[in-house]
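Please read the following points beside the model; they concern its fold and its aromatic pairs.

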Amino acid sequence: KRLFSCRKVVVLLLLTLLCGVFFGFYKPKTVNASADSYDSISVNAYSVDMTLQKDRKVVVKEVISVTFLQSGLSMFYRSLPTERTRYFDITATCEDNDKFKYYVIDNPDISGFIDVCCEGNTFKGQTWTYTINYTMEAGVDMGDDIFIDVIGFGWPVALHNVTAKVTLPAEYVKYTVYSGAYGASGNEADVTYNWLDKQTIEFTSNELKVVYNDSYEENMAEGI
């Protein structure tokens, strides 16, 4: 069982895409059901599609390809922060997994998070693609700004073949992109990004690597 976090705080109109610059994150840790290590799974591909609405809600679709590298694992789960953020319409699917089931609970180990728990056929060597959908709404008004982690840091394993797309409700005013470890001051992970049209920006990275985080004294994957 693994715990991964992605802090997302969203407001409207001015887009700032960052990794841990404006908001603190909890100290990530492994909570594997059978082994406390960083090599229980690999993330083969990770795509995120975010649509920001005028009512300040964000419709999110995550597609995560996971290979289980150890035996005895009970589930894969995605943690979502609840501090200053509300969630609606959370669903999860796993195509062709006849034993798949999911449920949403409060994180039993760290307060301030809910877990989307994905069970079924989690044996060593198995690869599954999980699709997790939800709508989130920030419970704080920050004026005309948007602060959002498109790919939040905190994963204890590298993220491969990353694609993230963010669609705005109107044309952007200005934006800044940060990538890399916590406190990155620029596009340190050398993420590729471009505007598909006047409202949609796309990010790609072959790999967001695991690097040492001085602030938390922990190894964790880079973010965007």
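1. The protein has 0 helices and 15 strands, taken as DSSP runs numbered from the N terminus, with H or I over at least four residues for helices and E over at least two for strands. This is a predicted model, in which local features need pLDDT of at least 70 and side-chain atom pairs count only at pLDDT 80 or more, while totals for chains, interfaces and linings use all residues. Residues are numbered from 1 along each chain as its sequence is written, and side-chain values use heavy atoms, with hydrogens and water left out.

2. Of the 224 residues, 54% count as buried (under 20% relative accessible area, with exposed over 50% and partly exposed in between, for a 1.4 Å probe and protein chains only).

3. The count of aromatic pairs comes to 8, where rings of Phe, Tyr and Trp (its six-membered ring) pair if their centres lie within 6.5 Å, and planes under 30 degrees apart count as stacked, over 60 as edge-to-face and the rest as tilted. The rings of tyrosine 46 and tryptophan 155 have centres 5.3 Å apart and planes at 55 degrees, so this pair is tilted. Because tyrosine 46 lies in strand β3 (residues 41–52) and tryptophan 155 in the loop between β10 (145–148) and β11 (159–167), the pair ties together parts that are 109 residues apart in sequence. Both tyrosine 46 and tryptophan 155 are buried.

4. For tyrosine 175 and tryptophan 195, the ring centres are 5.3 Å apart and the planes at 70 degrees, so the pair is edge-to-face. Tyrosine 175, at 28% relative accessibility, counts as partly exposed.

5. Ring pairs also link Phe76, Phe100, Tyr102 and Tyr130 into a cluster.
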